[in-house]
Amino acid sequence: MEAGAVTKKYRKGMTKVGLFYPSTYGVAMSSLVYHRLYFMLNDMENAYVERLVMPSASGGPVQLRGLEGGTPLRSFDYLVIPVHYELDYANVVRALIGSGVSVRSADRAGPKIIMGGPAVTANPEPMADAADAIIMGDLEPSSLWLEEVLNEGAPIEPSEHVYVPSYGPHEVRIASSGEIRGDPRRVMAPEAAFTIAVELVRGCPFSCIFCMDSYITKPFRPRPADDVVREARQLYQRYKERVAMIGLTVNASPWFKEVLSSLLSEGIRFSLPSMRAELLDEESVGLIASAGQRTITLAPETSQRLRFALGKSSRNEDFLRVAERAGKLGLTVKLYMMVGVPGEREGDLREAAELVKSVSQVARVELSVNPLIIKPQTPLQWLPMKDEGELNRRLRLFRELVPGVNFSFYDPFLALVQASISLGNRDTLKYIVETAMEGVGRGSWRRRAAEGMFSSAVRPRASPLPWSHVIGAVDEGTLKMRLKAYLAEVPEALEELGDVKGIF
């Protein structure tokens, strides 16, 4: 049963707002921003809010109703939609079509759609014709704009950090909040993996050239230890559930060990995401084990030479050192690796596999190997992805090189679907609509691939890019310089490309 949901009765004249997370209930309720939005919107006096979620991750068009009052999706004045995953765009479309609402904003009297999240921030164009407005970057700088529209009835107009697609492609800046404020209110949901999440940091101090989130969330902002511990304490006292410390690189916080020590001293159970190996010492690993966490997650990504070129300074010895300490404390080590890195050779895969085998000699290992997905707003945004056959070949080789290791992977075909959407333009929406109509199955995406959808992913790209009007913390010229530096460090990648005049 849920606990903490808001009970608010509709009054005549209120704005009906549907807070729609385009995935299942468990995924939605694991999203910190979904909880933040829920209470932020409910704090608006004239806003009546209901949550909407998908009944399943697959299937055709579906009619949705709000969880609180059963209001049909089509009856809301506004839909506020946070999106974290490009394949969830199809779920947005499934819900609109199933609820009898036009997908394209130009054909729709209502509800008005306001979107946000990392996927649409990096490149708003694939969903531009469906959205009436897109909040770019951090929510906090646009919270006043959102309140004026939803609570006070102001018209939807562009602002510095709000993109209004009906105006055509226009310059908009990715927002970055100077202050990260906690909120101890949550809706408790047993089905959720991370109902109680607390931000330890926002952004990342590193600039790995494949990591979209790192570039669109700059600068790095660690929260003061007192703020983090205070919010975690309030949540733990209220809900008696473990607290998930979240952030891109949580152990880059200068107060990382102070936070962990304080939580342990107060008996607050917590969990941690993937961490940088070179920043973990014996004390840190000991604190993690003392919290009762059974797994420590690290991301070597690839061979050391490619890792360094990609911007990740962790040495093979760092992973072995952490793994040895973790193994002695009974922790499982989860490793994330990639295939399909530009300039990658069989020797790189063999070296990466040797690292996995060395770690497995000192600790229990769970290995996840995933294709590199090219994303916008990164230095790799001009480069093509490997095709499905080549990615599958490299995955098979990696698996053969680590016999006996618990091995999982992300489907190369879905990686290409994700990249094709992420790197697309306004024409991409037609592929999403066709797939949503057919039920978002693998066969549907296969037909879109046959129609040419993958061309945005498997070919080099030249500027201006579909998202060149989106201004982030790192300008396009600097991104291009970083790509040139990578190609100089990894000449095999330059050989793969051949003629790069179209890029540079």
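**Close-up 1. V198 and its opposite residue in the β8–β11 pairing.** In this predicted model, V198 stands opposite M245, a residue of strand β11. Strands β8 and β11 (residues 243-246) run parallel and are joined by three bridges. The two strands belong to an open sheet of three strands, ordered β8-β11-β12, in which the pairing is parallel. Strands β8 (197-199) and β12 (270-271) stand at the edges with a single partner strand each, and therefore one side of each is left without a neighbour in the sheet.

Close-up 2. An unreviewed UniProt entry lists residues 190-408 under "domain: Radical SAM core".

**Close-up 3. The aromatic pair of Y10 and Y48.** With ring centres required to lie within 6.5 Å of each other, the model holds five aromatic pairs. One of them is formed by Y10 and Y48, whose rings are arranged edge-to-face, with 5.6 Å from centre to centre and 75° between the planes. Because Y10 lies in the segment before β1 (15-24) whereas Y48 belongs to strand β2 (residues 47-54), the pair ties together parts that are 38 residues apart in sequence. Y10 has a relative accessibility of 40% and so counts as partly exposed, while Y48, at 10% relative accessibility, counts as buried. The surroundings of the Y10 ring also include K16, which lies over the face of Y10 at 4.9 Å from the ring centre.

**Close-up 4. The aromatic pair of F413 and F454.** The rings of F413 and F454 form an aromatic pair that is tilted, with 5.6 Å from centre to centre and an angle of 50° between the planes. This pair links distant parts of the chain, given that F413 is located in helix α14 (residues 412-422) and F454 in the loop between α16 (442-450) and α17 (455-458), 41 residues apart. Both F413 and F454 are buried.

Definitions and conventions:
Residues numbered from 1 in each chain as written. Predicted model: local features only at pLDDT ≥ 70, side-chain atom pairs only at ≥ 80, totals over all residues. Heavy atoms only, no water. UniProt positions renumbered as here; feature names shortened; annotations may be inferred. Phe/Tyr/Trp six-rings, centres within 6.5 Å; stacked < 30°, edge-to-face > 60°. Helix = DSSP H or I, 4+ residues; strand = E, 2+ residues; numbered from the N terminus. Buried < 20%, exposed > 50% of the residue type's maximum accessible area, 1.4 Å probe, protein only. Lys NZ or Arg CZ within 6 Å of the ring centre and 35° of its normal. Pairing = 2+ DSSP bridges.
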